[in-house]
Amino acid sequence: MAKNFDIYMVGVGGQGILTIADMIMRASEALDVPCNYFPTKGMAQRGGFVKAQLKLGQETVGPDIRPFGADLVIAMELCESLKALRYLKKGGKFIVFGHKWMPTDVMLGKAAYPSVDEVKDAAAKAGVEMVYIDPATLPEGAADNIFLLAACLKHSSLGDIVSADAIKNAIVTRWPKGAERNIMSFEAGLKA
Amino acid sequence: MVKKNLSGNEAVAQAAIASGVKLISGYPGTPSSEVIGSIWKKEIPGVTVEWSTNEKVAFEEAGACSWAGQRALVTMKMSGLNVAYDSMISMVYSGGVGGFVIYVCDDPGVAAGMPEQDVRGFATMSDIPVLEPSSVAESYSMTAYAFELSEAIGGPVMLRSVTNVSQSHAIIDIPEIPAIAPREPKLIRNTLKYTKAGAKICMDQHQELLDRLDAAEAKLHADGMHQLHLGEKGKLGIVSVGAASAFVDEALNIVKEAGMNVDGISTLKVACSNPVAHAEFKEMLDTCCCFVVLEENEGYVEKSLYLDAYKADKHPHIYGKEDHTLSRIGSFNAMTCAAAIAKALGGELKVDTKQVAEAEALCSARPIGVCAGCPHRGVYMALNEAVKRLGYKKDDVMITGDIGCTILGMSPPFHTLWTEVAMGASVAMAQGFVHAGVKTPVFSTMGDSTFMHAGMPPLLNAVQQNTPITAIIMDNGWTAMTGMQVNANTAKEFQQNETKNRVDVVEIVKGLGVKQLFVADPYDLEGLTKTLMEAAQLPGVKVVVTRRECAIQAGRRKIKYGKVHVDQDKCVNCKICINKTGCPALVYDGNKVFIDNGQCNGCGICTFVCPKKAIIKEEC
């Protein structure tokens, strides 16, 4: 029996955050690691808050991660990452891809949007270990969600539960046609 | 044993098929839609799978299928049962022959909108069993069991799931389900059972209904469906049901890690709130000094426990909703459950959320928006403009809203819609505002699927009564908000197969006797504005059907309506385009406004609002 590992994921609809969760689930299936994956898409078709909760390593388990219960947070949007802090264990890994998906009011200068430093400060106060992935490091033409997934393998102990090879296999199996681009994104993410 | 990666909803569909179901009917509604969504195009031999016009129709079809001796499954979200309940209450009194499973998803914590109601109240009022799966695996096993139970007692069984179970995906062991022999339909003439004409008939049926519930209670007990683990006498008892049951083990671990003694605690995970697990309750009451009842939303199990304790002349403290230990609002997690258990053990679990609450306060609000290129945007903007040009203030003109994506017109930047009640309510409520004496024009708005579902009777009413309203039907060709299902108005090429028909919403409106009918293009903002102004000034019933396919669905087929760009020489950065359309394809980067071509489908609505004519649409 693998040890328990809970992942809380946040982003904005259309970013591909649920795809990250799906790949982890497929890898866990191949490795016979118990997994419960609970996506919440909300009401908006595009551009709304999206979250996913993954519970790995437990046979019978409630789908929701309790406050301060997650081992890892994966955030694909800078501002939305703050909503996940409530669910991350003290000392847990807080991996944030710094993409900014600005709400209209922010774009119009009517509402504030947190800076990277503000998010880093909030993470420090919450006692979690933040890993900031700068979108500028994304290679030309790479898929950001696959890149981020690989970065999570590098920066957290996710790889102890589902190996990089298993996730890579899941990606290739899922998109046989786009394998080249996705593997490029994945390999780049492992070095991010 | 075979393992499969399934969602809770998919598990229900697969288990129903394995159980020999003949008909699966339903109406889309998050979080229940994937039961039918996952098998709709699969062409399963001998099984009819149908998106019905509404839940009541779906329910009646499934009920009749059961009365003909076949197994049937009907699916819907909790709001759907409100629609189907008229038939449900009648059909449960008659019972059934073939296994009849009513699958309904509640939404504690409200992930998908609509009242946070608890449909188990309907099961209690109907005196039918309601099985409550706590996991994806139980979604499978309880579906199969529900058919067996339904046939054993001769009446329908409700299977009640919740968002975090129905939408969860898990890798589950697929249990063997004994195959049933193919059945020929039977026509059973028995008016004493299948009609309600007469007091004796109805009261006999009432008795039979209560007998069926007693039979269900005995069978659930005999089959060991309630999981009872008795601990030491005089210690705490935990009674849980549904999704809350899945958190008990983790909650006990939290309490233990906090230094509290959890030895000797008894647990009872009941399979259902109705029928009451009296036998198991008795054993718990004989063993435990006090109780925690873990149950999301309403306290049906908890109240039954109070009643059984009273009848047994016992007075244990019950920690739950009645003593305000737990809330009737929202969904649970392991910490919610652990805090209640800790309280019952005389301890306290403290979670300090001050730091994270401060972090959350930094988040920018992300209101529910309208997709780039959405045709509904044109309707909201044209309505706002028409109201203005007619010389009214926005707060003087009632525009009722309805269920589905069309309600997004309540959001910024439009603030067009005032109300959202129930499927089809917008048209009837518009009439009510007229009768209330409102002298300004009254509009209603609804989508095509909502019109098919429940919009026809109120429109017929308006025509008969000749009540002056302007009803707008926003026809995007899909049941969009629930994840793109078809309805009767969806184009023929997207129907389930070539034998299915499309029924044009415009033809229905004509058939309902509407004489003043307009069909308009929501991408033509100026044209639609003028149409709405004209309609508003006419007497009697006016219907405006606005037609453009859902931008998401058209986008999946790579349809673009033009190429839009901002002429940077003309643009003065006034941002009126962003302010008025709220379109996510319009971007301001701090220096200039430009079009995100990845999102833009070329609808061109923004070109109408630019005061400098700096946004240009070219045909592509």
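Analyst: Start with His229(B). The place of this residue is strand β9 (residues 227–229) of chain B. Strands here are DSSP E runs of at least two residues, helices are H or I runs of at least four, and both are numbered from the N terminus.

A word on the ground rules. The model is predicted, so local features need pLDDT of at least 70, side-chain atom pairs count only at pLDDT 80 or more, and totals for chains, interfaces and linings use all residues. Residues are numbered from 1 along each chain as its sequence is written, while chains are lettered from A and ligands numbered from 1 in the order in which they are written.

Is His229(B) buried or exposed? His229(B) counts as exposed, because it has 11 C-beta neighbours inside 10 Å. The cut-offs use C-beta atoms placed from the backbone: 20 or more others within 10 Å is buried, 12 or fewer is exposed, and anything in between is partly exposed.

What does His229(B) touch? Leaving aside neighbours within four places in sequence, His229(B) is in contact with Ser266(B) and Thr267(B). Contact means that two C-beta atoms, placed from the backbone, lie within 7 Å.

Now widen the view to chain B. An automatic or database domain assignment sets the domain bounds. It divides chain B into domain 1 (2–222), domain 2 (227–344), domain 3 (375–556) and domain 4 (563–618). The centres of domain 1 and domain 4 of chain B, taken over C-alpha atoms, are 50 Å apart.

Chain B has 21 helices and 23 strands. Its C-alpha trace spans about 80 × 65 × 55 Å along the principal axes. Of the 620 residues in chain B, 53% are buried. Among contacts in chain B with a separation of 6 or more, 78% come from residues 24 or more positions apart.

β2(B) runs parallel to strand β4 (residues 71–77) of chain B, joined by 5 bridges. Strands pair if DSSP finds at least two bridges between them. Leu23(B) has Ala72(B) in β4(B) as its bridge partner. β2(B) also runs parallel to strand β3 (residues 48–51) of chain B, through 4 bridges. In β3(B), Val49(B) stands opposite Ile24(B).

Some backbone details of chain B deserve a check. A cis peptide bond, omega about 0°, joins Asn274(B) and Pro275(B). Pro275(B) lies in the loop between β12 (272–274) and α11 (278–287) of chain B. Another cis peptide bond joins Pro412(B) and Pro413(B), with omega about 5°. Val110(B) is not a glycine, yet has a positive phi of about 50°. Val110(B) sits in the loop between β5 (100–106) and α5 (120–126) of chain B. With 14 other C-beta atoms within 10 Å, Val110(B) is partly exposed.

Last, the partner chain. The contact between the chains takes 42 residues from chain B and 44 residues from chain A. On the chain B side, α14(B) gives the most, with 4 residues. By class, that side has 22 nonpolar, 15 polar and 5 charged residues. Nonpolar means Ala, Val, Leu, Ile, Met, Phe, Trp, Tyr, Cys and Pro; charged means Asp, Glu, Lys and Arg; the others, Gly among them, are polar. Strand β2 (residues 35–40) of chain A and β8(B) run antiparallel and are joined by 2 bridges. Here Tyr37(A) has His169(B) as its bridge partner in β8(B).
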